[in-house]
Amino acid sequence: MTVKRFTAATGAVALLVLAGAAGPIGCTTRTGSTDFAAPPVGTVLHFERPAGGKPFAFQHKIVDVSGDELVYHVVNESSNPTNDQVRLYRGIFSYAFWRPGGGWVEYKFDRSQVAPLWPLKVGNTVVFPVTFGYAEAKTEAEGKKGWKATERGQMTFTVRRQERITVPAGTFDTFVIHRVRNFTRVAPPHRRLAVERVSWYAPKLGYVVRQTTQNLRVSRGGQLTPAGAVTVFELQRIDRPGSR
């Protein structure tokens with residue numbers, strides 16, 4: 001596996017966090033200062049790029065919920081079928097991705113530095129260092145520590161506002177959360193990268209119902225400016241366990 005395959009488009013899929021519709025359909029687990037409601041195991045959430053862009057559709061199937069984390073499988077992801085399993089922290093931060101035949105691609109971060117974002121409230125901001133890297137599948141299978149850092153930088157999460165929005169799956173009360181990933185490659189030429197994601201997170205579902213992603217240009221002085229088109233995904237449908 002090469003990290004080059006982890007593009008902005010595939011990242012938008014992997015980092016989607018689904019937020020909830022009105023109604024108590026989530027599983028609630030205690031996470032210290034707040035409750036985190038996750039979709040029940042077996043829930044399938046369907047996403048598409050809205051009309052006007054190149055057709056793109058995928059589903060997330062929830063396979064495990066434990067404490068602050070859930071795990072989902074990506075199903076029928078048309079442009080990146082190798083993406084298989086994703087670990088999601090508190091419904092907002094997708095931090096580890098399993099690629100069959102390739103190994104884990106993940107962020108290493110201090111969870112205690114992320115926790116002050118909760119309880120979610122407009123104006124809450126956290127900034128914390130992260131290291132991005134991967135472990136080879138063979139090394140993972142042998143139980144050895146072969147994780148290799150490829151990028152280092154920081155994440156910034158900010159709760160900008162509350163908003164009720166309507167997507168094909170329904171109407172949701174959401175928190176609008178901006179996330180900026182600002183990185184420098186470990187290996188020469190030490191290229192600097194930045195990506196901004198805006199997620200409409202519905203707490204009652206514990207998932208994101210709408211998300212936009214845009215690459216950012218990083219100047220020598222560290223200033224960030226938009227670069228390229230904005231990618232948009234929206235929740236189309238929720239299949240609840242036992243509904244099919």
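Which residue forms a salt bridge with Arg161, and how far apart are the closest N and O atoms? The partner is Glu163, and the closest N and O atoms are 2.9 Å apart. A salt bridge here is a side-chain nitrogen of Lys or Arg within 4 Å of a carboxyl oxygen of Asp or Glu.

A word on ground rules: this is a predicted model, so local features need pLDDT of at least 70 and side-chain atom pairs count only at pLDDT 80 or more, while totals for chains, interfaces and linings use all residues. Residues are numbered from 1 along each chain as its sequence is written, and side-chain values use heavy atoms, with hydrogens and water left out.

**The big picture**

- The protein has three helices and 15 strands; these are DSSP runs numbered from the N terminus, with helices being H or I of at least four residues and strands being E of at least two.
- Of the 244 residues, 50% are buried, where buried means under 20% relative accessible area, exposed means over 50%, and partly exposed is in between (1.4 Å probe, protein chains only).
- Among contacts with a separation of 6 or more, 54% are between residues 24 or more positions apart; a contact means heavy atoms within 4.5 Å.

- Strand S3 (residues 44-48) runs antiparallel to strand S4 (residues 57-66), and five bridges join them. Two strands pair if DSSP finds at least two bridges between them.
- Phe47 stands opposite Phe58 in S4.
- S4 also runs antiparallel to S5 (residues 69-75), this time with seven bridges.
- His60 has Val74 in S5 as its bridge partner.
- The hairpin of S4 and S5 has two residues between the strands, and Gly67 there takes a positive phi near 60°.

**Salt bridges**

- The structure holds eight salt bridges.
- Back to the opening pair: Arg161 is partly exposed at 34% relative accessible area, and Glu163 is partly exposed too, at 27%.
- Asp173 and Arg164 meet through their side chains at 2.6 Å, N to O. Asp173 is partly exposed at 43%, whereas Arg164 is exposed at 60%.
- Arg210 forms a salt bridge with Glu234, with the closest N and O atoms 2.9 Å apart. That pair links distant parts of the chain, with Arg210 in strand S13 (residues 207-218) and Glu234 in strand S15 (residues 231-239), 24 residues apart.
- Arg210 is partly exposed, at 21%, while Glu234 counts as buried, at 14%.

**Core packing**

- The largest nonpolar core has 52 residues. Such a core is a set of buried Ala, Val, Leu, Ile, Met, Phe, Trp, Tyr and Cys residues joined through side-chain atoms within 4.5 Å.
- The residues with the most contacts inside that core are Phe93, Tyr107, Phe109, Leu120, Phe128, Phe157 and Tyr207.
- Leaving aside its neighbours within four places in sequence, Phe128 touches a list of residues including Phe93, Phe109, Met155 and Phe157.
- Ala202 sits in strand S12 (residues 192-202) and is buried at 0% relative accessibility. Its C-alpha is 4.3 Å from that of Thr174, although Ala202 and Thr174 are 28 residues apart in sequence.

**Aromatic pairs**

- There are 17 aromatic pairs in the structure. Rings of Phe, Tyr and Trp (its six-membered ring) pair if their centres lie within 6.5 Å; planes under 30 degrees apart count as stacked, over 60 as edge-to-face, and the rest as tilted.
- One of them is Tyr89 with Phe109, an edge-to-face pair at 5.6 Å centre to centre and 70° between the planes. Tyr89 lies in strand S6 (residues 85-89) and Phe109 in strand S8 (residues 103-109), so the pair ties together parts 20 residues apart in sequence.
- Tyr89 is buried at 2%, and Phe109 is buried at 11%.
- Phe132 and Phe183 have ring centres 6.3 Å apart and planes at 85°, so this pair is edge-to-face. Phe132 is in strand S9 (residues 125-135) and Phe183 in strand S11 (residues 170-185), 51 residues apart.
- Phe132 and Phe183 are both buried.
- Ring pairs link a cluster whose members include Tyr89, Tyr95, Phe109, Trp118, Phe132 and Phe183.
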